[in-house]
Amino acid sequence: MPATRLLDTPADAAAVLRRGGLVVLPTETVYGLAADATDAEAVARVFEAKGRPSDNPLIVHLATVDAVARVALVTPLGARLLDVFAPGPLTLVLPSRGTLPPAVTTGLDTVAVRIPALDLTRDVIRRTGVPLVAPSANRSGRPSPTTWAAALADLEGRVDAVLRGEPARVGLESSVVDATGDTAVLLRPGGVSLEALQEVDPGARALAAGAAGGDRSPGLRHRHYAPRARVRLLTTLAEAAPGPDALFVGLEAPPPGYGHVEVPPDIETYAHRLFALFREADAAGFARIDALGVAEAGLGRALMDRLRRAAEA
Ligand code: TXA
Ligand code: MG
């Protein structure tokens, strides 16, 4: 593949996508690796570029709520959730119409759909004129990129182009919600909180951690979100172990002696910084990241999910 091009306009990005190319795109959650979802060859190249296991299905990104019905059967629950949360950091798993190449859904009878909140992303989709698959634009097993430069660091020479946009506002991926039935099941906590889902569907529940969720959300089976530095998830500051080769991040200040300290002012900033911090820690050669946990509420649930996965990896 020729060198990866750096692009600055949605029109240029759409032109590459229409030719079956792979383009890194900004979204409000994290940067995505986009391709024409109707083009089986382009979809195959997405799996190849990421080194993604072929049994982990992709999210289909659309510009409008109306477009969802062309790829999925919109359940009554799905319609209500789209009404409230689209466009936004929510991915709905719905019964598939089977209109897209099987590789997109890895042969499942469901399809994951999302309408991104970032205007630029929807502009690219509209100009391309087809739904776009867009997994996070990292090599498989690496943290999701929250800047175009982080995506380029992972995928340079493996993708056709990178559309340079703003750093991702949320910094964690979308919430993945199974809306095939009568009650919402949160398969991956993300930018839309369980509490917000429960305002629409009081019965909404999170898939219990470690439950046999592998069946419902294939991505949960795979190793994820891991920096090279070892991540320790601290329950209290008493577990802090300062050292020059260790980085600390948490909502309270740690004891002195860490090589680098970040105390974000709130959970939103913590979430926004987490994946960038993982990459910066690796670039600076830190051996360990001590991350102080947060309350499991609101965006804190998604943040704790990513911290736990990073600590387990
Ligand atoms: O915020 C996001 O969702 C970002 C941006 C780029 O939109 N995309 C993203 O994609 O995080 P990816 O591929 O890294 O994660 C997609 C998740 C995986 O855990 C996958 O297993 C799950 O969605 N998924 C996709 N299709 C599914 C389906 N039919 N049923 C259950 N889970 C599905
Ligand atoms: Mg991913």
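**Close-up views of a predicted model**

**View 1. An open sheet of four strands runs in the order β12-β15-β13-β14, with parallel pairing.** The edge positions belong to β12 (230-234) and β14 (260-262), each of which has a single partner strand, so one side of each is left without a neighbour in the sheet. On average, neighbouring strands here are turned by 15° against each other, direction ignored. Helix α10 (residues 299-312) packs on this sheet, where it touches β12 and β15, and its direction makes about 130° with that of β12. Inside the sheet, β13 (residues 246-249) and β15 (residues 288-292) pair in the parallel sense over four bridges; Val-249 has Ala-291 of β15 as its bridge partner.

A few words on how to read these views. This is a predicted model, in which local features need pLDDT of at least 70 and side-chain atom pairs count only at pLDDT 80 or more, while totals for chains, interfaces and linings use all residues. Residues are numbered from 1 along each chain as its sequence is written, chains are lettered from A and ligands numbered from 1 in the order in which they are written, and side-chain values use heavy atoms, with hydrogens and water left out. Helices (H or I, at least four residues) and strands (E, at least two) are DSSP runs numbered from the N terminus, and two strands pair if DSSP finds at least two bridges between them. Axes are lines fitted to C-alpha atoms, for helices over the stretch in contact, with angles from 0 to 180 degrees between N-to-C directions; contact means heavy atoms within 4.5 Å.

**View 2. Phe-248 and Tyr-258 form a tilted aromatic pair, with ring centres 5.4 Å apart and planes at 50°.** Rings of Phe, Tyr and Trp (its six-membered ring) pair if their centres lie within 6.5 Å; planes under 30 degrees apart count as stacked, over 60 as edge-to-face and the rest as tilted. Phe-248 lies in strand β13 and Tyr-258 in the loop between β13 and β14, so the pair ties together parts that are ten residues apart in sequence. Both residues are buried (under 20% relative accessible area; exposed is over 50%, and partly exposed is in between, with a 1.4 Å probe and protein chains only).

**View 3. Phe-275 and Phe-278 form another tilted pair, 6.2 Å centre to centre with 55° between the planes.** Both lie in helix α9 (residues 267-283), three residues apart, or about one turn of the helix. Phe-275 is buried at a relative accessible area of 0%, and Phe-278 is buried too, at 1%.

**View 4. Helix α6 (residues 119-128) has Thr-121, Arg-122, Val-124, Ile-125 and Thr-128 buried.** Seen down the helix axis, these buried residues fall within an arc of 155°, so they line one face of α6; the arc is that of the directions from the helix axis to the C-beta atoms. Asp-119 and Arg-126, on the other side, are exposed. Packing partners of the buried residues are α1 (10-18), β2 (23-25), β4 (59-61), β7 (132-133) and β8 (161-163). Gly-129 follows α6 and has a positive phi, near 85°.

**View 5. Pro-116 sits in the loop between β6 (110-114) and α6.** Its relative accessibility is 0%, so Pro-116 counts as buried. Not counting residues up to four places away in sequence, Pro-116 touches Glu-28, His-61, Leu-62, Pro-87, Gly-88, Thr-121, Arg-122 and Ile-125.
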